[in-house]
Amino acid sequence: MVNVWYPDWAYLEILPNQANRVLEALWQEAPNPTDEPIPDVEDTVFTIHIAFDHGREFDLAYMGQTEFYLRDFQTNQVYTFSSEALRQTLDSAISETKAALYG
């Protein structure tokens with residue numbers, strides 16, 4: 001399950017096939033550990049919550065341009081990375097989900 005939270009508290013659950021594309025793109029990244037906390041939702045373009053059936057959870061904060069923060073709930077470690085490919089995948093997944101849900 002992949003959920004998108006926008007700073008104005010609008011919410012979108014990405015369709016399963018689009019969520020799989022997002023996860024595949026995310027796993028191709030090489031995030032760098034940081035001591036910085038993950039930004040609050042209000043300070044991001046949007047934050048994606050990723051939850052797996054087996055209980056593993058992540059928050060992915062999109063800061064704009066190609067900048068991301070990733071928080072692993074299991075370890076509480078925060079990572080940073082920059083990715084044009086992930087940004088494009090997210091844009092596509094969100095717009096295709098909105099088109100399917102809202103016409």
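I began with the two helices and found that Gln18, Arg21, Val22, Ala25 and Leu26 in α1 meet Leu86, Thr89, Leu90, Ser92, Ala93, Glu96 and Thr97 in α2, where contact means heavy atoms within 4.5 Å. By class, this contact of α1 with α2 has six nonpolar, four polar and two charged residues; Ala, Val, Leu, Ile, Met, Phe, Trp, Tyr, Cys and Pro count as nonpolar, Asp, Glu, Lys and Arg as charged, and the others, Gly among them, as polar.

I noted for myself that this is a predicted model, in which local features need pLDDT of at least 70 and side-chain atom pairs count only at pLDDT 80 or more, while totals for chains, interfaces and linings use all residues. Residues are numbered from 1 along each chain as its sequence is written, and side-chain values use heavy atoms, with hydrogens and water left out.

Next I looked up the helix axes, which are lines fitted to C-alpha atoms over the stretch in contact, with angles running from 0 to 180 degrees between N-to-C directions. The axes of α1 (residues 16-27) and α2 come within 9 Å and cross at roughly 175°. That makes α1 roughly antiparallel to α2, since angles over 145 degrees count as roughly antiparallel, under 35 as roughly parallel, 65 to 115 as roughly perpendicular and the rest as oblique.

I then turned to threonine 97, which lies in helix α2 (residues 84-102); helices here are DSSP runs of H or I with at least four residues, and strands are runs of E with at least two, numbered from the N terminus. Is threonine 97 buried or exposed? Threonine 97 has a relative accessible area of 0% and is therefore buried, a word that means under 20%, with exposed over 50% and partly exposed in between (1.4 Å probe, protein chains only). A polar atom of its side chain lies 3.3 Å from the backbone nitrogen of leucine 15. Setting aside residues up to four places away in sequence, I found threonine 97 touching Leu12, Glu13, Ile14, Leu15 and Gln18.

My next entry is tyrosine 6, placed in the loop between β1 (2-5) and β2 (11-13). Tyrosine 6 counts as buried because its relative accessibility is 16%. Although tyrosine 6 and valine 45 are 39 residues apart in sequence, their C-alpha atoms are 6.7 Å apart in space. Beyond its neighbours within four places, tyrosine 6 is in contact with residues including Val45, Ile94 and Lys98.

Last, I followed the strands, which pair if DSSP finds at least two bridges between them. Strand β4 (residues 46-51) joins β5 through six bridges in the antiparallel sense, and threonine 47 stands opposite alanine 61. Their hairpin has five residues between the strands, and glycine 55 in the turn has a positive phi of about 105°. Six of the eight residues of β5 are buried.

β5 (residues 57-64) also pairs with β6 (residues 67-72) over six antiparallel bridges, with tyrosine 62 opposite phenylalanine 68.

Methods:
Polar contact = N/O pair within 3.5 Å; in protein donor to acceptor, adjacent residues only side chain to side chain.
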